[in-house]
Amino acid sequence: MKQRNNRAISLAALAFAGVFGLTGCFSSTETGSKSGANGERISVAHMQPPRSGLTPLSDDAFKLSRWSTAETLVTLDENSNALGALATEWEQTDDLNWHFTIREGVKFHNGEKLNAEAVVNSLQRAIDATPTPRILNGIEMTVTAEGEYIVHIKTGEPDPLLPNRLSSPQLAILAPSAYKDQTVDPVGTGTGPYVIKSVDGVSGATLDRFDDYWGEKAQAAGIDVKFVPDGTARAAALRTGDADIVESIPVGQAASIDAERLTEVPMPRTNTLYLNTESGPFADPAVRAAAREAINRAQIIASAYEDHADEAAGLLGPALPYAAGQRDNNEYKQILEGRSEPARGEGIKISLGTFTDRTELPEVAVLIEQQLEAAGFVVEQDVREYQYIEADALEGKFDAFILSRATVLDSGDPVAYFAADFSCEGGFSISQLCDEGVDAAIKKATETKPGEERQKAIALAEAKILSTDAAIPLLHERVFQGESERVRAAARDPRERMLVTADTRIDK
């Protein structure tokens, strides 16, 4: 198989001044100001600061990717199909062996040359890292250079998803000089259209256009980044024009901002009610069905999310565009027709848990309690910080648990989520589900090559899971991305891999 690259504004203002200082949040630095010789600079306010010194072997990798400074061998389109990037093509020679052809003529930001040895060095560092990057958990992989521009990868087990794995920002390719002992320094060592010039701890970073980029040159002169955990301050930065692009505007701040400056981006994250299928009242499928019938999703979305969420028809939402269409499949519908008829919930006592870390979830728990009690259930709530409740949830100590769950992990594919949450051997099985039919469907999806057939297999696995009523999907979350009126072509990416691209620019 060969693939080619085809609360009030005054409060907001106070928060703004407190975080940024009265001189403004994006003041000039030694490498850039609001404008450059060949274009305007882009100011970005991020929600979270780096947690691991911007090493790509951590979640900080997604910042490097969103700044278009560190690149991977492969990228993904909106349907999670693999496209060439630093690799121009690849071939699977048998179940375990792959060859990737590395793009020629690419320079790292420091002038070092991209070749097979540099790629192998980056991938081997990821393989050997502690902790292992998520995308490589449970994956046995060896990498070797064969000639100047061919990388051979051998997996321990057949892995049709290997190209998708290599699209993970945690597997970005950096110059050999970036790796020093146990640290990785991305400053000046990537290959993207922007080069990191300086990083100010957890305060901000400065990037300039990289004029020797192998692809289309960046239209903006650079990027000025600030890390702004306070949502009110981020909203204020957008309102005042002090930031051009702002991550994650809180729902409560949206009304204070011109609607034209906000875009709701669907996230690959589903708010789900997990039901304990192993013990307690919900071990009975008919009782689970009664809970399913009691849920009013529209009420939850209107109240807890102020209508800024999508009602869930399944586990996978709008962030995966193919999911909705697959539910019209007759086989999918037939699977759901096999669900149990609901019992009466009269007088059945259940425990309901969730956590406070996501501000909407305690309100969702109140609404779920009201809906279940209207159906006859007697509900006792337990709400704590996530770090104090996760272990109890995973050990099956709740009859029901509300979780906001990422459904697409680093490969851009939901099968790993299905396996972790709903298979017999799953490591995140809040529902304690073990069903032969579900396991078989997940296995088939795992083994199917990317493309339309895998999308169909994923949909049928979703249907099998839903048919057990082990999980009742409630809604799919959205996030507000703020953009000033000057911004053009900012990426609005559900997977949060892209934000400022080479095409993103500021109109004067």
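Modeller: Happy to! Let me begin with confidence: over residues 1-37 the pLDDT stays under 50, and for that stretch the model has 76 contacts beyond four places in sequence. This is a predicted model, and the chain as a whole averages a pLDDT of 91, with 92% of the residues scoring at least 70.

Now to the helix pair. Two packed helices are described by the angle between their axes and the distance between the axes. Here the partners are α14, spanning residues 436-447, and α15, spanning residues 452-467; they pack at an angle of about 165°, and their axes lie 8 Å apart. Because angles over 145 degrees count as roughly antiparallel, α14 is roughly antiparallel to α15. The crossing of the two, α14 and α15, is left-handed.

As for the residues involved, α14 contributes Gly437, Val438, Ala441, Ile442, Ala445 and Thr446, which meet Arg454, Ala457, Ile458, Leu460, Ala461, Lys464 and Ile465 of α15. Sorted by class, this contact of α14 with α15 holds nine nonpolar residues, two polar ones and two charged ones.

Gln124 counts as partly exposed because its relative accessibility is 27%.

Notes:
Residues are numbered from 1 along each chain as its sequence is written. This is a predicted model: local features need pLDDT of at least 70, side-chain atom pairs count only at pLDDT 80 or more; totals for chains, interfaces and linings use all residues. Side-chain values use heavy atoms; hydrogens and water are left out. Axes are lines fitted to C-alpha atoms, for helices over the stretch in contact, and angles run from 0 to 180 degrees between N-to-C directions. Helices (H or I, at least four residues) and strands (E, at least two) are DSSP runs, numbered from the N terminus. Angles under 35 degrees count as roughly parallel, over 145 as roughly antiparallel, 65 to 115 as roughly perpendicular and the rest as oblique. A crossing is left-handed if the near helix is turned anticlockwise from the far one by less than a right angle, and right-handed if clockwise. Contact means heavy atoms within 4.5 Å. Ala, Val, Leu, Ile, Met, Phe, Trp, Tyr, Cys and Pro count as nonpolar, Asp, Glu, Lys and Arg as charged, and the others, Gly among them, as polar. Buried means under 20% relative accessible area, exposed over 50%, partly exposed in between (1.4 Å probe, protein chains only). pLDDT is the predictor's confidence in each residue, from 0 to 100.
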